Amino acid sequence: MNVGAEIQQAFVVCISAVFTQNILLAYFLGLCPFIGVSREIKTAFGLGLAVIFVLTATVMLNWLAYRYVLEPLGLEFFRFILFIIIIAAFVQFTEMAIERFSPFLYQKLGVFLPLITVNCAILGASLFMVIRNYSFIVTIGWGLGSGTGWFLAIMAMAGIRQRLAHERIPRGLQGPGITLIIAGLMALAFIGFTGVLQGR
Amino acid sequence: MADKNAASCATCASPKKKGPCGGKGMLTLKDGVWGINPLAIQVLGICSALAVTNRVETSLVMGAALIFVTVGSNLLVSLLRNYTPHRIRMIAEVAIIATFVILFDQFLKAFYWDLSKQLGPYVGLIITNCIVMGRAEAFALQNPPILSMVDGLANGLGYAAILAIIGFWRELLGTGKVFGLTVLSDHWYAPNQLMVLAPGAFFMLGAVIALFNAIRGPQEEEDKK
């Protein structure tokens, strides 16, 4: 495939990852922080940005590691452990780098970075990338799109939950219960985007 | 890890309280399945719980996978607990968990290729499933191997049970079938496709959690007193 076509495919994959195949609302990845950290728009914003950044970068790193290390060695089954180590290491380095070079950014994102290692959206995106056999350029689109999709979903949820804070909710539903049901309604709304792209 | 704490601390102070003092197997077992059910009460590990529950079969396989991984990793973490330096325990736990996940994944690929295809990346995602890590960290690190295995089994069962419930209702309402056999005939029942899609999963889990909390509500207040 030539580069032009690949870039085009990357664009399509990116858009579909944001809307029609949203990583959170269609694939349920990264739900734990989505429910735990979506009470305020401000924190949701910080976490969302951190996810976009880490997800895009680790998907690319993992692609390289998979293609040039695991595949030649025939160790594909080893990818679970290698991916998680790469993610953990990358997050650690990013945290150190940000702390050193940009105290401002560190203040904004610092708290959220350690949380990200255990965010299944990050590992999940890498595993999907392997299963779907994306090329490198398409992988960039996929990472960027999934990260943005997650960001969008958690921002929307935080907005809704801030409004909900003063409502009276039936007791059993308080907390996770109502959050999941709202997520369901959001997923329903996102299904409405399906027509935007024909055939993924 | 911090993620797990953030999610669980609000809903459950009980595992830390009950963990050390419940030195008996049965109590541990009951706790895992009902008292501190990882899915319904602590709301951990929901990512994979929702993705695989559009059919009963895949739900059961996922439940089995989690039981295998929690039991195995709890046993190993517990056996090694006196030899693991405190500072590197996280990475050691991750390595142990990943090993068991790889074992299960390879097993599925070898004998049940179709199921492995359907589960896709979600078997691998057990590694980041907070339940496994949470049990290793909160229980296996402080308790002897056999009791840790029981705890792993209990939590695995609690998880698998909820998965089976959700899977059952989603398949039944979504396709009118259970295990692929038609139960609700399409002469009078129009399958509600929504239940098989993503929103159905969210609604179903939300409902199950609400139900659990509603039943368990008063009991929790007694605990506080």
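Buried area is taken here as the accessible area, computed with a 1.4 Å probe, that two parts lose on being put together, summed over both. The structure is a predicted model, in which local features need pLDDT of at least 70 and side-chain atom pairs count only at pLDDT 80 or more, whereas totals for chains, interfaces and linings use all residues. Residues are numbered from 1 along each chain as its sequence is written, chains are lettered from A in the order in which they are written, and side-chain values use heavy atoms, with hydrogens and water left out.

Between chain A and chain B the buried area is about 3,300 Å², and carbon and sulfur atoms give 81% of it. On the side of chain A, the residues that lose the most area to chain B are A:Phe28, A:Cys32 and A:Phe80, which together account for 20% of what that side buries. With contact defined as heavy atoms within 4.5 Å, 39 residues of chain A and 41 residues of chain B take part.

Salt bridges (a side-chain nitrogen of Lys or Arg within 4 Å of a carboxyl oxygen of Asp or Glu) number 0 between chain A and chain B. In chain A, the elements that each supply at least two residues to the side touching chain B are α2 (31-36), α4 (79-101), α6 (113-117), α7 (120-131) and α9 (176-191); helices are DSSP runs of H or I with at least four residues, numbered from the N terminus. The largest share of this side, 10 residues, is contributed by α9(A). By residue class, the side of chain A that touches chain B comprises 31 nonpolar, 6 polar and 2 charged residues, where Ala, Val, Leu, Ile, Met, Phe, Trp, Tyr, Cys and Pro count as nonpolar, Asp, Glu, Lys and Arg as charged, and the others, Gly among them, as polar.

Over all chains, the whole structure holds 5 salt bridges. One salt bridge joins the side chains of A:Arg67 and A:Glu71, with an N to O distance of 3.2 Å. These residues, A:Arg67 and A:Glu71, are separated by about one helical turn because they lie 4 residues apart in helix α3 (residues 41-73) of chain A.
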